Amino acid sequence: MTSALAASSALNAESKAAVHEVLGEGGPLAQNSVPATSPPGAARAYALDALGHGYAIGFVVCGSAALFSALLVVTALRGRTAQDDTAQPEDAAGRTSLTTG
């Protein structure tokens with residue numbers, strides 16, 4: 001957001017200084033909460049762009065983690081059903097015998 005402000009010709013020097021003060025204290029979220037009529041409020045569009053970019057990255061990261069965990073669960077469950085199909089030996093009374101070793 002700071003580089004976009006430096007390249008902006010729409011803001012005067014007073015507004016740029018005020019925006020940098022607000023950004024230094026609280027970042028884009030603080031910049032977004034400043035009233036639009038105040039000098040730092042002129043850069044509200046830049047703050048909304050920065051917040052939108054941050055949320056988009058967060059959604060991609062969370063979606064990727066959810067997909068990876070779903071694939072991990074499917075892989076683990078498929079491996080488990082193959083192991084459960086093997087029958088355990090039973091004794092003459094119909095009980096499952098306990099083997100050691």
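User: What pattern does the protein follow when read along the sequence?
Analyst: This is a predicted model, and its protein has three helices and zero strands. Reading along the sequence, you get the pattern α-α-α.

User: Which helix has the highest mean pLDDT, and which the lowest?
Analyst: For the protein as a whole, the mean pLDDT is 76, with 67% of residues at 70 or more. Among the elements, helix α3 (residues 44-84) comes out highest at 86. The lowest mean, 59, goes to helix α1 (residues 2-7).

User: Where does α2 bend?
Analyst: The bend in α2 is about 125°. There's a proline, P28, following within four residues of the bend. The residue to look at is G26.

User: Is S15 buried or exposed?
Analyst: S15 is found in helix α2. Its relative accessible area is 10%, and anything under 20% counts as buried. So S15 is buried.

User: Which other residues in α2 are buried along with S15?
Analyst: Across the protein, 16% of the 101 residues count as buried. In α2, the buried list has S15 on it, and the others are A18, V19, V22, L23, G27 and Q31.

User: How far is S15 from P39, C-alpha to C-alpha?
Analyst: Along the chain, S15 and P39 are 24 residues apart.

User: Is S33 buried or exposed?
Analyst: S33 also has its place in helix α2. The cut-off for exposed is over 50% relative accessible area, and S33 has 55% relative accessibility. So S33 counts as exposed.

User: How far apart in space are S33 and R44?
Analyst: In sequence, S33 and R44 are 11 residues apart. Taken C-alpha to C-alpha, the distance in space is 8.5 Å.

User: What share of the contacts with a separation of 6 or more joins residues 24 or more positions apart?
Analyst: Contacts here are heavy atoms within 4.5 Å. Take those in the protein with a separation of 6 or more, and residues 24 or more positions apart account for 27%.

User: How much of the accessible surface belongs to carbon and sulfur atoms?
Analyst: The accessible surface of the protein comes to about 7,500 Å². The carbon and sulfur part of that is 62%.

Conventions. Residues are numbered from 1 along each chain as its sequence is written. This is a predicted model: local features need pLDDT of at least 70, side-chain atom pairs count only at pLDDT 80 or more; totals for chains, interfaces and linings use all residues. Side-chain values use heavy atoms; hydrogens and water are left out. Helices (H or I, at least four residues) and strands (E, at least two) are DSSP runs, numbered from the N terminus. Buried means under 20% relative accessible area, exposed over 50%, partly exposed in between (1.4 Å probe, protein chains only). Accessible areas come from the Shrake-Rupley method with a 1.4 Å probe; for residues, only the protein chains shown count as cover. The bend at a residue is the angle between axes fitted to the seven residues ending there and the seven starting there. pLDDT is the predictor's confidence in each residue, from 0 to 100.
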